[in-house]
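Please open the structure in your viewer and follow the stops below in order. Each stop names what to select and then describes what is found there.

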Amino acid sequence: MSSFNAALFSRKDIGKYVSEQVTGLDGVTILVLGFFVAYYLGLGYLRQSTNLPPGPKPLPLIGNMLQVPTEGSWLYFHSLCKKYGPVVRLTLGRDEMLVLDELEDINEILVKRSRNYSSRRSLVYAGKYRSVDRRLGLLPYGTLLKKQRGAILQMMNAEDLGSCEHIQTRGTMKLLSDILETPTNAYMSIKWYTAETLLTLVYGKKLGEDGNDLRKLLHIIETFIRDVHPRSHIVDMLPVLDRMPDALAPWRSEAQRKHEYEITFYTGLLKEVKKRVDEGENTECFAARLWEMANKIDLDEVSMAYVAAAIVEAGTDNTAGTILWFLVAMMHYPAVMKKAQAELDKVLGPEGHTPPEFQHLEQLTYCVALVKEVIRWMPTAPISMPHRSLEEDIYKGYRIAAGTTIVPNIWAVHHNESLYPDPFKFEPERFMPADGGILNLKSLNEGHSGFGFGRRICPGQYLAAKTVWIGVVRLLWAFDITPPVDASGAPILPDPAACRPGITAEPDTFKVVMTPRSEVHVQSIKRAAE
Ligand code: HEM
């Protein structure tokens, strides 16, 4: 019989029928086969779910620790991705690290899955002892982080940033005047500009003329940047060493001394503001608002001191570094400088009576594109601040363990040929709008990834972009920026790949010649600085 009525058969009969008709095997064999199929399918799933991303072979115990360089790590990470693919796994001791080379993967992991990927690796030296677990940039994802970021973001909305403009423009006039006076000291003048702008904004005060405040601040920032590098302190490679008694762990008291030093400085600044507020002085600054909101935001005094300081700490070096890269770019690309100066002269008049202001921004499209290109060409945070995952996850079939450190390679994204053709070339034209359109203030932060990703994205990004823009356009308006020449008249150009050691990228020491564009420019600067 070749046809049948299913209603006439029980389940057992159907099994028997199928086995006889299809395979000719008995029921026991079917069961055993079924078991093996299920077993292999399950094992396949298990294999897939334990599939780790590719990467260089780790050494026993220390993993790939010694292979990650302390300088230019973004270049090393990019070379790994060229060899193994855009998602690469490394191990540092017992810690897992995932390096991401492409924007698509970064967006998927750090933005779309940000609930899981917005924490930070806990550091014993720099986090637990030096920062007493209160420093915003190092905080794990949670309530304290939300409170601290919330306090900063309240002040960083567009309306408040408008009221900061007079601080930025005043600062740039001092910058121009300082460079005019001591052109060989451009490096410190730029650091002074960014530090003082942020200090005024946060504490309503200028840096002491004797330079002590700036020295203290730069010292804190420099040592901190060194301390957060995962290879700087053995206890961060082997956290178990934190169980050692003080006598065997001298690094602990060293970190605690650094904490005492910086918290005395930061609390002092915060309390000065409180005193001025209590005395009825009109002090419009971030710290004054923090005191006003103290009960509502529910932060202890050490947290308040660190959150105010976070703005100065996180902003000073990155903002100054971006302006320093701008100088490097101008020495290599004089035609770009001339084109930007021609735009400035067209809008403001060529005589040099009027420096550019924020109100001119939308008329200075090429200058906006130029600042975006500086941030793209050499991001000062080339590997951002690595994030950390909270839970295990599967991505593209790879297993990402809970507690993995995620390194988004911003430098690699910015040098990806398919996103930015001829990526090593400094070319503001790539950001120019089609059909003569304009770029506005918001455009400064679009089209690049210089400020990071997802829930940890830089809370100061709009302030930073404005501080860089006004600094850059005023330097272009005032000076010709050229390289020094050697005895034979050949230019001595800085190496655009040479950076100061650390996880941030500041150009290595270089020399630059800043020549005022005319006597009228000189007089305008002197008048404005009086
Ligand atoms: C050109 C200048 C600047 C650049 C390139 C820059 C870039 C970055 C980057 C890449 C991050 C890490 C984001 C992430 O984890 O995904 C970051 C974090 C941060 N930035 Fe900026 N930044 C700059 C200026 C500033 C300024 C002016 C402030 C002042 C408010 C600031 C405050 C912070 C803070 C507090 C964090 C830590 C955020 C967190 O951990 O949640 N930055 N910045």
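Predicted model: local features only at pLDDT ≥ 70, side-chain atom pairs only at ≥ 80, totals over all residues.

A polar contact is a pair of N or O atoms within 3.5 Å. A backbone N or O atom of Phe453 lies 3.1 Å from an oxygen atom of the ligand, so the pair falls within the 3.5 Å limit of a polar contact.

Next, select the ligand together with its surroundings. The shell consists of 25 residues, and the closest are Arg120, Arg149, His387, Arg456 and Cys458. Which classes of residue make up this shell? There are 11 nonpolar, 11 polar and 3 charged residues.

Now display helix α14, which spans residues 301-332. This helix supplies 6 residues, the largest share of the shell around the ligand.

Proceed to the side chain of Arg120. One of its N or O atoms is 2.8 Å from an oxygen atom of the ligand.

The following stop is Ser384, in the loop between α16 (365-377) and β3 (387-388). An N or O atom in the side chain of Ser384 is 3.4 Å from an oxygen atom of the ligand. Is Ser384 buried or exposed? Its relative accessible area is 11%, and therefore Ser384 is buried. Please inspect its backbone as well: Ser384 has a positive phi of about 55°, although it is not a glycine.

Finally, select Asp422, in the loop between α17 (410-414) and α18 (461-478). Asp422 is not a glycine either, yet it has a positive phi of about 50°. With a relative accessible area of 43%, Asp422 is partly exposed.

How values were computed
Residues numbered from 1 in each chain as written. Heavy atoms only, no water. Near = heavy atom within 4 Å. Polar contact = N/O pair within 3.5 Å; in protein donor to acceptor, adjacent residues only side chain to side chain. Helix = DSSP H or I, 4+ residues; strand = E, 2+ residues; numbered from the N terminus. Nonpolar A, V, L, I, M, F, W, Y, C, P; charged D, E, K, R; others polar. Buried < 20%, exposed > 50% of the residue type's maximum accessible area, 1.4 Å probe, protein only.
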